[in-house]
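Please examine the sequence and the coordinates shown below. The paragraphs that follow lead through the model step by step.

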Amino acid sequence: MPDRQAVIDRKDLGALFTLLADEGYQTIGPKPYDGAIVYAPISSPEELPKGIGDEEEGGHYRLTQRGDAKLFGHTKPVQGLKAHLYPARQKLWSAEKAGHGFRVVKDAAPQPRYAFIGVRACELSAMLVQDRVFEGGPYVDKGYAERRKNCLIVLVTCDHAGNACFCASQGTGPDASEGYDLKLAEVVDGSRHVFVTEAGSDKGRAILSKLSKQDAADGDVKAAAANLEAAAKGQKRAMIAGVAELLAAKLESPHWEDVAKRCMSCGNCTMVCPTCFCSTMEDATDLSGLKAERTRKWDSCFSIDYSYIHGGPVRNTAGARYRQWMTHKLSHWVEQFGVSGCVGCGRCIIWCPVGIDITAEAKAILKGA
Ligand code: SF4
Ligand code: SF4
């Protein structure tokens, strides 16, 4: 049974940040930066994007002024929380020369303790997908597992859909029923500005018990539910049903070459995707030859080198690379991890410089079929 909902007044939201800092968390939340909303370290609600919305389409993103005081009136930030839990560059180990060999030096730095504020349902779903990748099999990524175990998630529900969103058709949003510590729904009605709040874990319950709050009024709960309904019904895009089976049967579709005429193999879609996890290793020694370091870096299946094996790349056309990305994400991921690799956030559509739309390409393949 879900926890009873409370309301936290806007003026009391700062206490949440203070409490999290006192408990040793580094608070990460949405923040306007360089013409976009990004997840970044923030220390108070004053740094949230007050009154700022966003406008998105295929190959298009702009910030807008909403004309109200909402702090979470935007949709998802441009880059997901993947960048915090699975850093784009990460030193795995270093080594120092010792006699005729090398001694491995362990990195003793503790993993950060993040409190993620303003997490959307699609983002949380993406974290649950990456949990399967990094922790779900026999080889656990210890750094990821520790950062994930330490983190606290403050989910914020959406009050509208961005034009590229399609989480409703993927079953990954706009609401979430598990995986968060606290869930907030922002309600602004005239001068009333509150957060309908619910705990989803013992950690969340302990935090909520220390905050100033009141029982939620019926009107606030109804307004929060109406916002969520608007976010679900307002989605203009949807993924076709049965896409996993369709793509598995259409590996030789001529449509892959049609996409290849537009795709520049830039890899933007994989960099912004909150579930993509491909990486490469870089080994480097210093000029003296006494120290060496191994670094893991994000890579992309759109890079021709990514599929290079003995004698050349396996996927040497843009069509083959796009097919690899889309069929893995929407079809083979289900076989590999038991869930789709796409949470419907729409970032790959927005940040594709030529506006290639994964939902439209799936429909085109269905039409061809
Ligand atoms: S494939 Fe596109 S829409 Fe799906 S999760 Fe990745 S970025 Fe979001
Ligand atoms: S689909 Fe778009 S974003 Fe992805 S590699 Fe091709 S051009 Fe770049």
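**Ligand shells, domains and sheets**

The structure is a predicted model, in which local features need pLDDT of at least 70 and side-chain atom pairs count only at pLDDT 80 or more, while totals for chains, interfaces and linings use all residues. Residues are numbered from 1 along each chain as its sequence is written, chains are lettered from A and ligands numbered from 1 in the order in which they are written, and side-chain values use heavy atoms, with hydrogens and water left out.

Around ligand 1 stand Phe-166, Cys-273, Pro-274, Trp-325, Lys-329, Cys-342, Val-343, Gly-344, Cys-345, Gly-346, Cys-348 and Ile-358. The shell of ligand 1 divides into nine nonpolar, two polar and one charged residue.

The protein chain is divided into domain 1 (6-90 + 105-233) and domain 2 (243-277 + 300-366), with bounds that come from an automatic or database domain assignment. The centres of the two domains, taken over C-alpha atoms, are 28 Å apart. Contact, meaning heavy atoms within 4.5 Å, involves 28 residues of domain 1 and 27 residues of domain 2. The size of an interface is often given as the accessible area lost when the parts come together. Between domain 1 and domain 2 the buried area is about 2,200 Å², of which carbon and sulfur atoms give 62%; buried area is the accessible area (1.4 Å probe) that two parts lose on being put together, summed over both.

The sheets come next. Helices (H or I, at least four residues) and strands (E, at least two) are DSSP runs, numbered from the N terminus, and two strands pair if DSSP finds at least two bridges between them. An open sheet of eight strands has the order S3-S2-S8-S9-S10-S11-S1-S12, with mixed pairing. Its edge strands are S3 and S12, each of which pairs on one side only. Strands S2 and S3 run antiparallel and are joined by six bridges, with Pro-30 the bridge partner of Tyr-39 in S3. Strand S1 (residues 6-9) is antiparallel to strand S11 (residues 192-199), with four bridges, and Asp-9 has Val-194 in S11 as its bridge partner. Two bridges join S1 to strand S12 (residues 214-215), again antiparallel, and Ala-6 stands opposite Asp-215 in S12.

Helix H6 (residues 202-209) lies across S1, strand S9 (152-156), S10 and S11, and runs at about 140° to S11. Here axes are lines fitted to C-alpha atoms, for helices over the stretch in contact, and angles run from 0 to 180 degrees between N-to-C directions.

Another open sheet has four strands in the order S7-S6-S14-S13, with antiparallel pairing. Because strand S7 (101-105) and strand S13 (279-285) each have a single partner strand, one side of each is left without a neighbour in the sheet. Neighbouring strands of this sheet are turned by 25° against each other on average, direction ignored. Five bridges join strand S6 (residues 89-98) to S7, and Ser-94 stands opposite Val-105 in S7.

Two backbone details remain. Most residues other than glycine have a negative phi, and most peptide bonds are trans. Asp-34 has a positive phi, near 55°, and is found in the loop between strand S2 (26-33) and strand S3 (36-41). The peptide bond from Gly-173 to Pro-174 is cis, with omega near 5°, and Pro-174 lies in the loop between helix H5 (167-170) and strand S10 (182-189).

Methods
Near = heavy atom within 4 Å. Nonpolar A, V, L, I, M, F, W, Y, C, P; charged D, E, K, R; others polar.
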